[in-house]
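Dear colleague,

I am passing on a structure for you to look through before you set anything up with it.

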Amino acid sequence: MPAPALLPRTAPFGDDEIASLDRVLGPATATQRAWLAGFLAGLDASAPATATVTSAQVAEPLTILFATESGNAERLAQDAAKLARKGGFKPKLIDFADLVAADLAAEQRLIVVASTWGEGEPPARAARAYAELMGPAAPRLEGVTFGVLALGDTAYAEFCAIGKALDARLVELGAKRAVERVDCDLDFEAPAAEWIKAALQTLAPAREAGGNVVSVDFKPRPAGEASREPVTAEIVEHINLNSSRSGKETIHLALRFDGSAPAYEPGDSLDLYPHNDPALVEAVLAAARLDGDAQLRAALVSERDLTTLSTGTIEKFLAATAHPEVRRLIDEGGARAWSDGRQLVDLLEAFPVRLTAEELKGLTRPLPPRAYSIASSRKEVGDEAHLLVAAVRYESRGRARAGVASTHVADRLQVGGSVRVRLKPNKHFHLPEPSTDIIMVGPGTGVAPFRAFVQERRAVGAAGRSWLFFGDRRFTHDFLYQLEWQDALKDGALTRLDLAFSRDTPRKVYVQHRLWERRRDLIEWLEGGAHLYVCGNAKAMAKDVRAALVRAFVDVKALDADAAAAVVTALERERRYLQDVY
Amino acid sequence: MGTDVSRNERIKEASRFLRGTLPEGLVEVATGAISEDDAQLVKFHGTYLQDDRDLRAERTKKKLEKAFAFMVRLRLPGGVCTPAQWLALDQIARDYANGTLRLTTRQTFQFHGIIKSNLKTSMQAIDAALLDTLAACGDVNRNVLATSNPHQSRAHRAALDLAHAISDQLLPRTPAYREIWLDGEKILGGEEGEVVEPIYGTTYLPRKFKTVVAVPPANDVDVFAQDLGFIAILDPDGHVAGWNVTVGGGMGMTHGEPDTYPRTADVMGFCLTGDAVAVAEAVVTVQRDWGDRANRKHARLKYTIEDRGLSAFRAEVERRVGKPLQPPRPFGFTSTGDRYGWTEGEDGRAHLTLFVENGRVRDHDGGPAMLAGLRAIAEAHDGEFRLTANQNVIIANVRPENRAAIERLVAAHGLDRHATALRRNALACVALPTCGLALAESERYLPALVTALEARLAAHGLADDEITIRMTGCPNGCARPYLAEIGLVGKGPGRYNLYLGAAFDGSRLSKLYAEDLEHDGIVAALEPLFAAYAAGRLQAERFGAFLIRTRRIAQTGNGRDFHANTGPLRTMELAG
């Protein structure tokens, strides 16, 4: 049995040397390691080699595995790694996208940070390794000690489903749960930080008394990391890009920062802090018979999530009110079905009870920011950042509903006003070298980052070709940024454009149909090293695009389905098939 | 080609028989438009590039180009189609156009709002219905009209046959149409020794060319408004003995340019049916050779006739036909309108003429369900549909046993809605928002104006009197406004020139009565004339004739005096 890998491959040694060191260090006792650490430190400081170091302690390996979609899980994993380093661990970060499930068998301590996406699904990039781990070929994990931190959104029925499933699965595979799982909602910051701290304490090995930890940084820290503090931006443009004949409303929002523009890169997002619709706040206050409370009103407008209604909310409501009908609803198991398509205001109106301000607040969670892909490049727009925001409006249970953030942008922001935003980097969705070809698939608001890409590539005079697949409902009324794409085609920042408008023809045409039609060229580009980017709807579009890509390889390269799927998987692992889906 | 020819002549010459760069332009996806030159050429294929002018103001701000779309016009000689064809066109309208069919003053269908990416599909669907759009627009012989008056079945058959024969003979021969729209095999044009266009040559005609076939007493096709016309001369037993030939009619003019004017056609002679196609071809080729190719505003046949004289023109036509024309035979028209309701033909078949306001076949909210109703009729009908030059539709050749079923469908969809006499005699061109030439509203406004005028007419007891009223959004005259007793021609947004004094039977042009009138001004100008007409008309005297007899407006003789002596006559007060 080979010795467990201790040194990272990035360590400044040859592979043989790493193996030799691992052989020595692996089975070494704590004292032996501490001695070595002290010895080496002294050697470096040209101190006498007669090391009398008493009790330095060598960092313990800790693997932090994350499954991320929007970047939250990844950031928490990074936070955990930083803290672990300080705590004497030697942390290793692994993205689910890169995970080889079999390798987990060699781990000793494992922290898993896992997001759940959509209706209880793993993040797109994590799907492959997740399936491996859940499937029959998963390794046995006796000897692994772990804890799971789950991220989710109580607005969805399958809250934290992936974290829960992994937590159970690791036990099934023989691993030892050392830390109880915590399921975090959108306001995950505080509970996640607390969990990480506790988990590191629990996973830490017993210390020899008085021992010092020799902390070794295996990775250089990113220099000058962009600020993630919320900043206030002025709105300088607010344009509905859809024609007045369109059923859609997609706002081009240009934000100007007064000297403090976040240092964003094309592909990054901004978290936007919305306010609630004042009319909804009024309705909630009225239903709770709290309309006189101005302080509460202000808090509800800007701080509390007033739309989400989960079974948890209903349970809290019951706890606060002991409402008999609500008790019956829960006892009879009907709470989830009842909450479907309803919001907090429906609950308050259906079961009218006078609440206190604290009770009402207690029913809600903090109002989370909403991330929007940045649609501009700083090289073209300077101290501005542009967002593309589709107003979400629909009807459910006989009532008009509005997406909080999107209609805040569409209805309540205007030129001259301001909005708070925070940079949300997405380093998994950045441009490759300027000489590399890029293929961009971005229907609807999914086109936002690609406007940033094309601006950036124009600004740097990129030699690589660029090919955009865009789609929406109707060519005439929904062709977002049409004039700009025309200009980009003329000046060469965009090499090629294919369009799919679903409502222009009796048969609905979507971007995946265009990818299929263009499959020969598409595969030629990919074989030439092109990177493929997909941004937009995760539920349907991103999956259909992936399926079309697999079929394209089957057809053009005469592969069987498994081989074609393996080619696409390889593209993903090589970071040449990148997704930013929501 | 001389250096002084107009730009369009160069485009045609360079187009390789109407190909231009259309194949390339159609697949350029980022824009809904085609190049300017191709936009000229595509007309010959039956389609215009237009844009929704209602949306122009907002587009650039929204980072959108103009809301481009194509108008597609069919070639439908005599305006006759089968129920299956109607259904196919209805489907195209709902799948690819704006959900309406537009019946035109040239007895054909227009689609509006077809975007570029759907253009080829639409053309192919039209082809699949055994129809086409070739030469429906452009500097060629356009859709040939034939009187739709169905009760004279034999004469109608003869007129329709002649319309088809002329249309076939004068159809462009270029393979470009098949090549571009139907993915036909590429046939190289202009090979050595090969004559691609034996009639038209490389530059086609100097300007558009319009041909009709009329059967008196109906002048529904407005024969005097056309470049070329054939008027049936009937035997006492209703058979066609031959045709009077008319030349040099035309409506178009330009505001403020008195060198441009509408003109009523001259009756040039008489020919037998067997010679009619040859005469038509000769008229077209003389115009091809003699017409003005330097100035498109002076390029219609009417100016050639004015400049060269009718007798010189006739002599050249006779030389090319190889025989002289006979002297014209007497004929008489009674009206330009349609007869509504059921009529029975000589052959026992029944025909139902339905009023279609402005020719717009659509389902009106709370009004008649024209589109759905005619679709239902097309599904049940085994005769044919005939479009009239007045933008109406005839459910033609109904077998007696099917009549009741048709009547039920008509009633169920409200297609027999009563329209007043003025509304039944109203014509409007499309104008805004799609027509690029429009200076003012037409189709969208005329119904409201008619409503206002109906009230004034009723006040004077004239509600049931037939008066022709026509409106166009620009002076080019698609709805033939200068032949209406009340003609309104767009001058600017909400402003119209009012023309009066034309003959009810379409034989005499009107004259400018007042300029730049807005809605209230139009009603105010007409109100006293209605009052005088009600009080002072002679037995069966038409409104246009009354205004001339009572010297309220000067009579227009022919085109050259159209711009002379305009406005209310000074003697009006004395006469009134």
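A residue is called buried here if 20 or more other C-beta atoms lie within 10 Å of its own. Please keep in mind throughout that this is a predicted model.

By that cut-off R480(B) is buried, because 26 other C-beta atoms lie within 10 Å, and although R480(B) is not a glycine, its phi is positive, at about 55°. R480(B) sits in the loop that runs between β17 (469-472) and β18 (486-492) of chain B. Q107(B), which is likewise not a glycine, also has a positive phi of about 55°; its place is the loop between β4 (101-103) and β5 (109-114) of chain B, and it counts as buried, with 28 C-beta neighbours inside 10 Å. Most residues other than glycine have a negative phi, and most peptide bonds are trans.

Chain B has cis peptide bonds to check as well: one from P216(B) to P217(B), with omega near 10°, where P217(B) belongs to the loop between β7 (211-214) and β8 (228-234), and one joining L432(B) and P433(B), with omega about 10°.

In chain A, helix α21 (residues 538-556) has 19 residues and spans 26 Å from first to last C-alpha, close to the 27 Å expected. Its buried residues, among them M541(A), R546(A) and F553(A), pack against elements of chain A including α22 (561-573) and β22 (577-581).

Finally, the contact between the chains takes 21 residues from chain A and 17 residues from chain B, and the chain B side consists of 7 nonpolar, 4 polar and 6 charged residues.

Best regards

Methods
Residues are numbered from 1 along each chain as its sequence is written. Chains are lettered from A and ligands numbered from 1 in the order in which they are written. This is a predicted model: local features need pLDDT of at least 70, side-chain atom pairs count only at pLDDT 80 or more; totals for chains, interfaces and linings use all residues. Two residues are in contact if their C-beta atoms, placed from the backbone, lie within 7 Å. Ala, Val, Leu, Ile, Met, Phe, Trp, Tyr, Cys and Pro count as nonpolar, Asp, Glu, Lys and Arg as charged, and the others, Gly among them, as polar. Helices (H or I, at least four residues) and strands (E, at least two) are DSSP runs, numbered from the N terminus. The expected span of a helix is 1.5 Å times one less than its number of residues. A residue is buried if 20 or more other C-beta atoms lie within 10 Å of its own, exposed if 12 or fewer, and partly exposed in between; C-beta atoms are placed from the backbone.
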